[in-house]
Amino acid sequence: MTMIQLAAAGLWSFGASACCAVCFNAEKKDIILGAVLGAAGWVIYAAFKAGGGAEALGYFAGAFAAAGFSEFLAVLLHRPATVYLVPGIIPLVPGGGIFYMMRAVVKGEFPEALSAGYGALTAAVAIALGIAIASSTARIITAAVKRRPHKGEKIPDHPVYFPDDIGN
Amino acid sequence: MNRINYDDIQQITVDAGALVLENGGETYRSEDTVVHTALSLGAEEPSSFVTPTVVMVSFRDNDGAHHSCFRRIYRRGINLRKLVMINNLSRSLERRGRISDTRMIEHRIARINNTPDYPGPFIVAAAALNSFFFTLLFGGSFSDALCAFVIGAVLRLILRFLDKSILNSFFISLLSGSIISVLADCIGLTALPVHTSVVMIGVLMQVVPGLALVNSIRDIIAGDFMAGSARLMDVLMTALGLSVGSAAGVLLTGAIQGLL
């Protein structure tokens, strides 16, 4: 895969993610950021695939990058991470694999159905793992930062719940 | 001193939680919003339990009496703009500590609820362009992408029309799958140089359950296994509906070719 093809893939995934964000009624600046994440995720996946790496690893890396950046943007801009994460991973979601599998089942081509279904399952698990690891890392970091009150900050008079406090 | 009206607190907290859930928020975000809202209105020990179909809230008043309230959620859409607005409301309540003016929060929730969407033609155009770009992304030619553009626009128009009726989500995904496959296979029967399978997955991407997948994973990470697995079931049912619906195209083209 040449650099031009990679650039084209980035451009198409940018457009696709942006349109997806519009369909979900995102605000204008969120559309741009979500689309950038979508393009980044897909380009990372395409680069892994072109480099001869395992396809599942590419899905994992793309989803991990998109999820990590959307958590970062969420903290930076005080938005829910979902706003950036949904357009960010939509190009990677293995809709096509599931679709091909079912069509192969209907046509009675079972080897094709199995291979398409296995590919889709691997991709879904890899994406889920990428999001899960990025999100839980982000939660640990934000929890560690939040526990330290800033200088001179008034501590709220209502109780703050931490899971460790339960049962004491 | 003005007395706190506990019925108002129940109403407002349940409204806020339902707003998060109905616009595509995660379950734990809905629970957080309910608890923050209740705390800032002066409820004691608020706790909430949210699943994809219900929002429950329970708290104590100053006299030690318990109050609880729940609301059944029937329809869940995706509206990232409203999600951002309700998140801002929750954050500002958390920052401000205790407030007694319930009218202010009621007003803000009503304003979020009435925020207009993008205009319909704009969304249909975006959906059509979405299919266009995805077809190019999956290696289709420009003529494939143009076919996907048309089918994507038709699909979104039909879905917007059906949105007002009371069909369940499984039937809607079944229908979307069959619309996509029948239209694409009909184009495939003509002499046009079109790769039908690429067109199909290009159009399909606008109905793929991406948000439900993301939310189910994020709920499971947050430790909310029940809501997470319920949403995962939602993803699987949508995927099943789309793929079973796609069989319609295969059957139709088979029948037509059998007749010829």
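Colleague: In β3(B), which residue is the bridge partner of B:Phe59?
Modeller: This is a predicted model, where local features need pLDDT of at least 70, side-chain atom pairs count only at pLDDT 80 or more, and totals for chains, interfaces and linings use all residues. Residues are numbered from 1 along each chain as its sequence is written; chains are lettered from A and ligands numbered from 1, in the order in which they are written. β2(B) and β3(B) pair in the antiparallel sense over 7 bridges (pairing takes at least two DSSP bridges). Across from B:Phe59, the bridge partner in β3(B) is B:His67.

Colleague: Which residue takes a positive phi in the hairpin of β2(B) and β3(B)?
Modeller: That hairpin has 5 residues between its strands (strands are DSSP E runs of at least two residues, helices H or I runs of at least four, numbered from the N terminus). The phi in question is near 90°, and the residue is B:Gly64.

Colleague: What are the edge strands of the sheet in chain B?
Modeller: The sheet is open and has 3 strands, in the order β1-β2-β3 with antiparallel pairing. An edge strand pairs on one side only, and here that describes β1 (44–51) and β3 (66–72) of chain B.

Colleague: In β2(B), which residue stands opposite B:Ser48?
Modeller: β1(B) and β2(B) (54–60) run antiparallel, joined by 6 bridges. They make a hairpin with 2 residues between them. B:Thr51 has B:Val54 as its bridge partner. Opposite B:Ser48 stands B:Val57.

Colleague: Which residues form the covered face of β2(B)?
Modeller: In a regular strand the side chains alternate between the two faces of the sheet. The uncovered face of β2(B) has B:Val54, B:Met56, B:Ser58 and B:Arg60. The covered face has B:Val55, B:Val57 and B:Phe59.

Colleague: How far apart in space are B:Tyr28 and B:Gly228?
Modeller: In sequence, the two are 200 residues apart. In space, C-alpha to C-alpha, the distance is 9.9 Å.

Colleague: Which elements do the buried residues of α3(B) pack against?
Modeller: The buried residues of α3(B) include B:Leu83, B:Ile86 and B:Leu93. B:Arg81 and B:Lys82 are among them too. Their packing partners come from both chains: α2 (28–50) and α4 (82–89) of chain A, plus α1, α2 and α4 (102–113) of chain B.

Colleague: Which elements give two or more residues to the side of domain 1 of chain B that touches domain 2?
Modeller: Domain 1 spans 6–113 and domain 2 spans 120–259 of chain B (bounds come from an automatic or database assignment). Their C-alpha centres lie 34 Å apart. Contacts involve 8 residues of domain 1 and 11 residues of domain 2. On the domain 1 side, the elements are α2 and β1 of chain B.

Conventions: Buried ≥ 20, exposed ≤ 12 C-beta atoms within 10 Å, placed from the backbone. Contact = placed C-beta atoms within 7 Å.
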